[in-house]
Amino acid sequence: MDHAISLRKVVKTFGEGQAAVHALRGINLDIGAGELFMLIGPSGCGKTTLISIVAGILRQDAGEVRLFGEDLRTMSENAQADFRARNVGFVFQQYNLVPTLTVQENVALTMMIGGLPRRRAMDRAADALFDVEMSDRMQAMPNSLSGGQQQRVAIARAIVHNPRILVCDEPTSALDHEKGRQVMEILRAIAIKPGRALIVVTHDNRVFKYSDRIATMQDGHIIRMVRRHFVPHDPVDSAPVSTSASAGLADGTAFAPVG
Ligand SMILES: Nc1ncnc2c1ncn2[C@@H]1O[C@H](COP(=O)(O)OP(=O)(O)OP(=O)(O)O)[C@@H](O)[C@H]1O
Ligand SMILES: [Mg+2]
């Protein structure tokens, strides 16, 4: 079976000559459907670049990216944009909510721009907001919400079109422990729906326990891969993983380069 996300020798460089920044230096990676995959590593190591390429916000300089077996480079621009729009959701580090629209309108916006009638877009927005437990604040304006609530609206906006691939850039970084836990519970519930794959970039070692695998990046490479055994019906807080970054990573399999 095809992987949900498959990268081969993916390279991305910003700038040229002396000023060139080698953000990705040949990334090989396979992520299965149903997997919640975490990406960690120091600032500047290439995490946002990698997920932006998966989400189609950036284009790789070299190498192959396949989503559910499809190599987007072989498609026309329009087919590519359409594929991304149907299959990919992106939760940005900044929430990027439109301040002059209600919560529900924010979630409905891209579908309305995509041509869905307002009524249907608003209905689907209501469903997505229900999934992130924000039904009671649909008519609120974004700036009246807490950080955790805004993050949940941003997640609703990313999942409203039912994408198979969801990438999230530091979704819990601005949140306290309890709100971060709520957001991860929501992402975990999305990941276990059939045929979904999630990549979550994080610095937050308290959320490692929600992952199936954790990749550590350094200087444009994946230098380590650890598998966890997530048990959906176990209370997550009793999962046998240390909250310390180093111990949490030491309990897994050794790094095995892909491809
Ligand atoms: N648009 C750009 N133009 C030039 N350089 C860039 C651009 N985007 C990223 N970079 C550089 O590429 C490298 C990787 O950046 P990236 O944003 O992927 O890091 P990151 O791992 O997400 O870091 P952080 O944890 O701080 O968010 C960095 O050195 C960054 O300065
Ligand atoms: Mg980043």
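I take two strands as paired if DSSP finds at least two bridges between them, and I take helices (H or I, at least four residues) and strands (E, at least two) as DSSP runs numbered from the N terminus. The model is a predicted one, in which local features need pLDDT of at least 70 and side-chain atom pairs count only at pLDDT 80 or more, while totals for chains, interfaces and linings use all residues. Residues are numbered from 1 along each chain as its sequence is written, and chains are lettered from A and ligands numbered from 1 in the order in which they are written.

**Entry 1, overall.** I looked up the element count and found seven helices and ten strands in the protein. Of its 259 residues, 40% count as buried, where buried requires 20 or more other C-beta atoms within 10 Å of a residue's own, exposed 12 or fewer, and partly exposed lies in between, with C-beta atoms placed from the backbone. I also noted that residues 24 or more positions apart account for 69% of the contacts with a separation of 6 or more, a contact being two C-beta atoms, placed from the backbone, within 7 Å.

**Entry 2, the sheet.** I traced an open sheet of six strands in the order β6-β7-β8-β3-β9-β10, with mixed pairing. Its edge strands are β6 (88-91) and β10 (221-227), each of which pairs on one side only. The twist averages 15 degrees from one strand to the next; for angles, axes are lines fitted to C-alpha atoms, for helices over the stretch in contact, and values run from 0 to 180 degrees between N-to-C directions.

I followed the pairing of β6 with β7 (residues 165-169), which is parallel and runs over four bridges; Val88 has Ile165 as its bridge partner in β7, and Phe90 has Val167. Helix α5 (residues 147-159) packs on the sheet, touching β6 and β7, and its direction makes about 165 degrees with that of β6. Five of the five residues of β7 are buried, so this strand is largely enclosed by the rest of the structure. Ile165, Val167 and Asp169 point one way from β7, whereas Leu166 and Cys168 point the other way. On to β8 (residues 197-201), I found that β7 pairs with this strand in the parallel sense over five bridges, Asp169 having Val201 as its partner in β8. The chain crosses from β7 through helix α6 (residues 177-191) to β8, and this β-α-β crossover is right-handed, meaning that, with the strands pointing away from the viewer, the path from the first strand over the helix to the second runs clockwise.

I listed the residues around ligand 1 (C-beta atom, placed from the backbone, within 6 Å of it) as Phe14, Gly15, Val21, Ala23, Ser43, Gly44, Cys45, Gly46, Lys47, Thr48 and Thr49. Both β2 (21-31) and α1 (47-55) supply at least two residues of this shell, and the largest share, three residues, comes from α1. By class, the shell has four nonpolar, six polar and one charged residues, with Ala, Val, Leu, Ile, Met, Phe, Trp, Tyr, Cys and Pro taken as nonpolar, Asp, Glu, Lys and Arg as charged, and the others, Gly among them, as polar.

I checked Lys9, a residue other than glycine whose phi is near 50 degrees; Lys9 sits in strand β1 (residues 5-14) and is partly exposed, with 14 other C-beta atoms within 10 Å. Asn96 has a positive phi as well, near 55 degrees, and lies in the loop between β6 and α3 (103-113).
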